[in-house]
Number of protein chains: 2
Amino acid sequence: MGSFLGTLIGLASRIAGDSGFLSDKLNDFAINRLVKVSRNRPHPWSTRMPYVSWAGLTDRTYSARLLPAKAAGVQPDSADVASLFLAKEGGQMDCEKSTALFAAFAQYLTDGFIRTKLANDPPFGDGKKDRKRTTSNHEIDQSPLYGRTERQTDVLRLKSSKAGEKGRLKSQMIDGEEYSPFLFNSDLSVKSEYCDPETGEPILDLPLGIDKQPKDSPIWATLFAAGGDRVNSTPQVAMMNTLFLREHNRLAGMLEKKNPTWDDDQVFETARNISIILLIKIVIEEYINHISQAPIRLRARPNVAWKAKWNRPNWITAEFSLLYRWHPLVPEQMMWGGKSLPGGALLLNNGPLLAGGLANAFADVSSNKATRLTLGNTASFLMFAEEKAILQARENQIAPYNDYREAMGMDRASSFADVVGPDRPELAAQLQALYGSVDRLEFYVGLFAEPTQKNGVLPDLLQAMVAMDAFSQALTNPLLSEHIWGDERIGRLTFTDEGLTEINRTKTLRDILERNSAGLGSQFVGMTRMDWQRK
Amino acid sequence: MGSFLGTLIGLASRIAGDSGFLSDKLNDFAINRLVKVSRNRPHPWSTRMPYVSWAGLTDRTYSARLLPAKAAGVQPDSADVASLFLAKEGGQMDCEKSTALFAAFAQYLTDGFIRTKLANDPPFGDGKKDRKRTTSNHEIDQSPLYGRTERQTDVLRLKSSKAGEKGRLKSQMIDGEEYSPFLFNSDLSVKSEYCDPETGEPILDLPLGIDKQPKDSPIWATLFAAGGDRVNSTPQVAMMNTLFLREHNRLAGMLEKKNPTWDDDQVFETARNISIILLIKIVIEEYINHISQAPIRLRARPNVAWKAKWNRPNWITAEFSLLYRWHPLVPEQMMWGGKSLPGGALLLNNGPLLAGGLANAFADVSSNKATRLTLGNTASFLMFAEEKAILQARENQIAPYNDYREAMGMDRASSFADVVGPDRPELAAQLQALYGSVDRLEFYVGLFAEPTQKNGVLPDLLQAMVAMDAFSQALTNPLLSEHIWGDERIGRLTFTDEGLTEINRTKTLRDILERNSAGLGSQFVGMTRMDWQRK
């Protein structure tokens, strides 16, 4: 948001207070401004075909695109470009604002709908990678917890009609704490309850990268049966999923007691309705407000979407699935349980979570600083992902960086110094050497070449694109429609009175954690560093 | 539309003329009024579950619903209710306004998206009928011509890279006229090109009811390989599909000549883009204007949808799929090629179409009067379908008639005389005897119990529900979005200049027929009877 207008809205907001008509209008105005900077959906193009076609407009196994495919000609070597991302020898720069909880939540959230099709993702098990395609449902549907498909949901559910078990997701108790069941047998086969009884093939998507793990590694025994193939990618992400697993089962218990005539399905579905809204509330009220450098606190008021021209079917774009690769946020070393562990040792290893329990995990992650989201700051163990992103952008013929600045209503950069800021002449020279002209600078590189914003955590173009898609995708969730959320009678049927109370009293991850863990005490849990100060 | 306001709009429209700003605004106002009478999408409920659930909000293999499921208690015997539909002994009453072309177009159009799941419809080949489910794509996508699924589209396409063959649908020439290829071999097996090479199973949906045809019937040899399982249901419907087949291939030829570098896919996709718009233009400019009793001619101006609150993802409702069963429109006997044929003999028999050719078929069908859409007017050979509809409504717990009047902003009927009008005391007494109270009258029966409107063809509630869904589904087609149709540059890329010219010069089926047939001459082709006069 323009800084002058931002200041104005901030001032008006302080006068208007946190609720009431004027506050609502300011909130809606701010959100509308963030979303309306570029073309709303439906997008004319997808990654399926380079021209407008019915197949392209309807086949949601491909990504939509904000800008059409654009041939780039000869581009610099992808390995050379990727090397721009590697953290400098002096070590990573810290993010001044964010903790590692911010990074963990960003990953857990986006793993649910940014889902590039990979080699073994069903239903495309054709052995080939296809980075034009997606397995996304294109909604915030908590698929990491509930699965992408109904068959996955079915095997994750307890499916019991017994009192005390209705509507629950399967879980296990370890040291008095609730977790998802483990996925693998001791012989490293997938437990049969998660496999097709006829073919023996797993119904759940297996943890990404598990095929490269040594068979004698202790990590296999720590991995959970979960809805998403990235839930086990680090204990930070598994911790998020564990939180929502416990909350779902807690809600199911609450609903079952109040509604003893309900069957397993109705308890399950109603708990899921509430849980999806809880996630969206945290997205907007904790996560987006953490990202925002504006002085106004935005609220999850779906009303703004009910008449909005941007209320159109969600469809994740190829650009969105690139710009959300926030690898530089992740530090080379993390403190867990008082020990500094190398980040690589946390990959596919839930050991640290199981050792300390959920409350300590959240506190540990919150005590780590995120590193700054910028070029020259990616941890060594994540470098493999940077070159892949560059190649994916090229395969999809993503238009250059400057075209996106223009599409988002920003000035085109006229020089590399314009992109990186005046105090990084060395980086500007490196980019100049690689690309020659700023108009040839690639989207993915340009995004992270910009400096992060004052009081913010993201660079300029990235922030604008995240805000646009975040609001227009989260607030158009069908559960938040005028006819469910906006209709008091139907809203009460959909979420129940008790569910609405839970929604109203939830603003942060800490709120959910407090009711689902023991031993948290006064430990800090949050996305914003305790020592952060507005400039 | 209220008659006073309707008259006012009519007057204003005569002053404003057929184009220009004022005319556009009147057009938009009229359409908005028709759509906004009831709740817009997304609907909170579907036929999947009786409560609001994520599964219900996202599983589009079930029908959406305008009103939630409502238990009805004991209902009259379905056969007794169905008998209300049978034409009286004195014969069917004619519709004063419509020809049989109107009925044929209504069927061809709606067969594309009103698709109750039947026993053998893939992907649910579980042997059970499931009238809660649907195989609809929920869009006007010309699936009768192009198929519901991409595999179907693929086997219907010629897929040739040769000049003169690019982008074409498969076809055959008979007596110098172009038709779809025949579906069956002489041994009544499906031609192998339409079957899965591995399993031998047909990829195309087979003509509905073909399994009940005698093996020695001559009709097998007349049935076309087409996208829809109802294309062959009568020669009237097959005639519609033949028209659009020829138009597609004509457009492909035109595009191929102007764009010699395009491949088969691009020619095909662009011809389909144009063809879908042609169909929607005819829906609104010929078909809806025929139905409308208002004095204003509505135009296909998608602009009205771009900011509308009713521009939400299409999802066919259980109610819509019931209210469009216009069996009483079909006469017991039809004139084809100078002979009067019993309607039953036309079922699954394209013989009359092949014998006379396309131009004569359109002229023949247009020379037949439709029969009136009301109770006591269904032809004997269609009676089997009426009881099925009643049972489908009951299985889906469709709320009573009066609830829908209320939902559509109309007064509830207070007596059966209120429903049927003052001049049909016998029918009112029959309904009274069956239902006791008007509040128990079933939706499907009440729809057709009302008299048709002055200057119209449909009863009151039915017309309101058709108009609401027709505009909100047709004008929200992604090809008509602000960013394709509304963007001159992208519109020209999507449809080409020549394609836009074809769209602009097309207002009626006759326009398309003239350029795709020989021998039409001055024969009448139209949906409105030549002898119809406004009252």
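# Briefing on a predicted two-chain model

Pro352(B) counts as buried because 24 C-beta neighbours lie inside 10 Å. The model is predicted. The points below cover the surroundings of Pro352(B), a helix pair in chain A, the nonpolar cores, the contact of chain A with chain B, and some backbone features such as the cis bond from Arg41(A) to Pro42(A).

**Pro352(B)**

- Pro352(B) sits in helix H13 of chain B, which covers residues 351-356.
- Beyond residues up to four places away in sequence, Pro352(B) touches Pro235(B), Trp336(B), Gly337(B), Leu341(B) and Leu346(B).
- Asn303(B) is 49 residues from Pro352(B) in sequence, and the C-alpha to C-alpha separation of the two is 42 Å.

**Helices H8 and H14 of chain A**

- Helix H8 (residues 235-258) and helix H14 (residues 358-367) of chain A have axes that come within 10 Å and cross at roughly 130°.
- The crossing of H8(A) and H14(A) is left-handed.
- On the H8(A) side the contact is made by Pro235(A), Gln236(A), Met239(A), Thr242(A) and Leu243(A), and on the H14(A) side by Leu358(A), Ala361(A), Phe362(A) and Val365(A).
- By class, the residues of this contact between H8(A) and H14(A) are 7 nonpolar and 2 polar, with no charged residue.

**Nonpolar cores and burial**

- The largest nonpolar core holds 148 residues. Those with the most contacts inside this core are Ala103(B), Ala104(B), Phe105(B), Met239(B), Ile280(B), Val283(B) and Phe471(B).
- Helix H9 of chain B (residues 264-291) gives the largest share of this core, 15 residues.
- Ala103(B) is in contact with Ser98(B), Trp326(B), Leu329(B), Val330(B) and Ala370(B), leaving aside neighbours within four places in sequence.
- Another core, apart from the largest one, has 146 residues, including Phe102(A), Leu358(A), Val365(A) and Ile398(A).
- In helix H5 of chain A (residues 100-110), 11 of 11 residues are buried. Among them are Phe102(A), Phe105(A), Gln107(A), Tyr108(A) and Thr110(A).

**Contact between the chains**

- Chain A contributes 28 residues to the contact and chain B contributes 28 residues.
- On the side of chain A that touches chain B, helix H3 (54-58), helix H9 (264-291) and helix H21 (488-504) each supply at least two residues.
- H9(A) gives the largest share of that side, 5 residues.
- The side of chain A that touches chain B divides into 16 nonpolar, 6 polar and 6 charged residues.

**Backbone features**

- Most residues other than glycine have a negative phi, and most peptide bonds are trans.
- The peptide bond from Arg41(A) to Pro42(A) is cis, with omega near 0°, and Pro42(A) lies in the loop between helix H2 (21-35) and strand S1 (45-46) of chain A.
- In chain B, a cis peptide bond joins Arg41(B) and Pro42(B), with omega about 0°. Pro42(B) is in the loop between helix H2 (21-35) and strand S1 (45-46) of chain B.
- Leu348(A), which is not a glycine, has a positive phi near 50°. Leu348(A) is in the loop between helix H12 (343-346) and helix H13 (351-356) of chain A, and counts as buried because 21 C-beta neighbours lie inside 10 Å.
- Asp175(B) also has a positive phi, about 50°, and lies in the loop between strand S4 (172-174) and strand S5 (177-179) of chain B. With 9 other C-beta atoms within 10 Å, Asp175(B) is exposed.

Key. Residues are numbered from 1 along each chain as its sequence is written. Chains are lettered from A and ligands numbered from 1 in the order in which they are written. This is a predicted model: local features need pLDDT of at least 70, side-chain atom pairs count only at pLDDT 80 or more; totals for chains, interfaces and linings use all residues. Axes are lines fitted to C-alpha atoms, for helices over the stretch in contact, and angles run from 0 to 180 degrees between N-to-C directions. Helices (H or I, at least four residues) and strands (E, at least two) are DSSP runs, numbered from the N terminus. A crossing is left-handed if the near helix is turned anticlockwise from the far one by less than a right angle, and right-handed if clockwise. Two residues are in contact if their C-beta atoms, placed from the backbone, lie within 7 Å. Ala, Val, Leu, Ile, Met, Phe, Trp, Tyr, Cys and Pro count as nonpolar, Asp, Glu, Lys and Arg as charged, and the others, Gly among them, as polar. A nonpolar core is a set of buried Ala, Val, Leu, Ile, Met, Phe, Trp, Tyr and Cys residues joined through C-beta atoms within 7 Å. A residue is buried if 20 or more other C-beta atoms lie within 10 Å of its own, exposed if 12 or fewer, and partly exposed in between; C-beta atoms are placed from the backbone.
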